[in-house]
Amino acid sequence: MEREEIFKNVLEKIRLAIQEKDFEKFCEHVDAEKFLNDGYGEVTDELAKNCKKFHELYPHDLFFKFGATVLKIYNKKFKGVHLGFINKVIVAYFDKNLTPPKNFLSAPIDFSAFELRKFLSALTSEIKNISVKKNSAVAEVEIFGDDSYYGKIFGRLTFQFEFVEVDGNWQIKGVKNIPELVPPILDMAERFWPSAWDLGIKI
């Protein structure tokens, strides 16, 4: 089997693991904690570099109000809190016994995991290009939403996922095109979170 086909099979396994909420199979190719930890700094740098522009776009968001230096200090201080919350949400997403909470404040992790399920169920992915080298690969994957509320918020984005091969097993390393993804994903968050955090009002 050609290496490109082997790699396509890996991508399909990841997609099915997410769809079927199979955490064990997901972890075979995705170390979520490492993936998020490695990308956190790059995302922070992009947010800081464009802090002034983002403050003008989202003046209500205090995150951008005090400038790039304060933003970097804040993210450095609360990195563990941020990544800890995201990792717990990912684990909850795969919990097949998870029950829907009443609202965000009653159970932030469970609520966020259910919202993540709604988002992912509204999305379709399509592999646009694959480049496989000796022990590394880049998969260009287009992800687009359907006509539902969640699908329309997500829109259409192209991710360039980087993988490395270790002892015959492909593992996701990171996202190559973070700079171009930060603005649309931030805009998505700015439109979505104000509703999700509403007191007692479920989306």
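Which residue in E4 does Phe161 stand opposite? The residue is Val175. Good morning, everyone. Before I explain that pairing, please note that what you see above is a predicted model.

Let me begin with the sheet as a whole. Four strands form an open sheet, in the order E1-E2-E3-E4, and their pairing is antiparallel. Strand E1, residues 123-132, and strand E4 stand at the edges; each has a single partner strand, so one side of each is left without a neighbour in the sheet. From one strand to the next, the twist averages 30°. For those who are new to the subject, strands of a sheet pair through backbone hydrogen bonds, and the pairing may be either parallel or antiparallel.

I now turn to strands E3 and E4. Strand E3 covers residues 156-166, and six bridges join E3 to E4, with the two running antiparallel. Phe161, with which I opened, stands opposite Val175 in E4. Phe163 stands opposite Ile172, which also belongs to E4. The two strands form a hairpin with two residues between them, and in this hairpin Asp167 takes a positive phi near 55°.

Is strand E4 mostly covered or mostly uncovered? Strand E4, residues 169-175, is mostly covered, as five of its seven residues are buried.

Val132 counts as buried because its relative accessibility is 18%, and the cut-off for buried is under 20%. How far is the C-alpha atom of Val132 from that of Glu4? The two atoms are separated by 6.4 Å, although the residues lie 128 apart along the chain.

Next, the surface. Leu62, Phe66 and Val70 make a nonpolar surface patch of about 310 Å². Phe66 has its place in the loop between helix H4, residues 51-57, and helix H5, residues 68-77. With a relative accessibility of 54%, Phe66 counts as exposed, since exposed means over 50%.

Finally, the cysteines. How many disulfides does a search of the whole structure find? The search finds zero. Cys27 counts as partly exposed, because its relative accessibility is 34%. Cys51, by contrast, counts as buried, because its relative accessibility is 3%.

Thank you for your attention.

Technical notes:
Residues numbered from 1 in each chain as written. Predicted model: local features only at pLDDT ≥ 70, side-chain atom pairs only at ≥ 80, totals over all residues. Heavy atoms only, no water. Buried < 20%, exposed > 50% of the residue type's maximum accessible area, 1.4 Å probe, protein only. Pairing = 2+ DSSP bridges. Patch = residues over 30% accessible without salt bridge, like charges linked within 9 Å, V, L, I, M, F, W, Y side chains within 5 Å. Areas by Shrake-Rupley, 256 points an atom, 1.4 Å probe, with all protein chains shown as cover. Salt bridge = Lys/Arg side-chain N within 4 Å of Asp/Glu carboxyl O. Disulfide = S-S within 2.5 Å. Axes fitted to C-alpha atoms, helices over the stretch in contact; angles between N-to-C directions.
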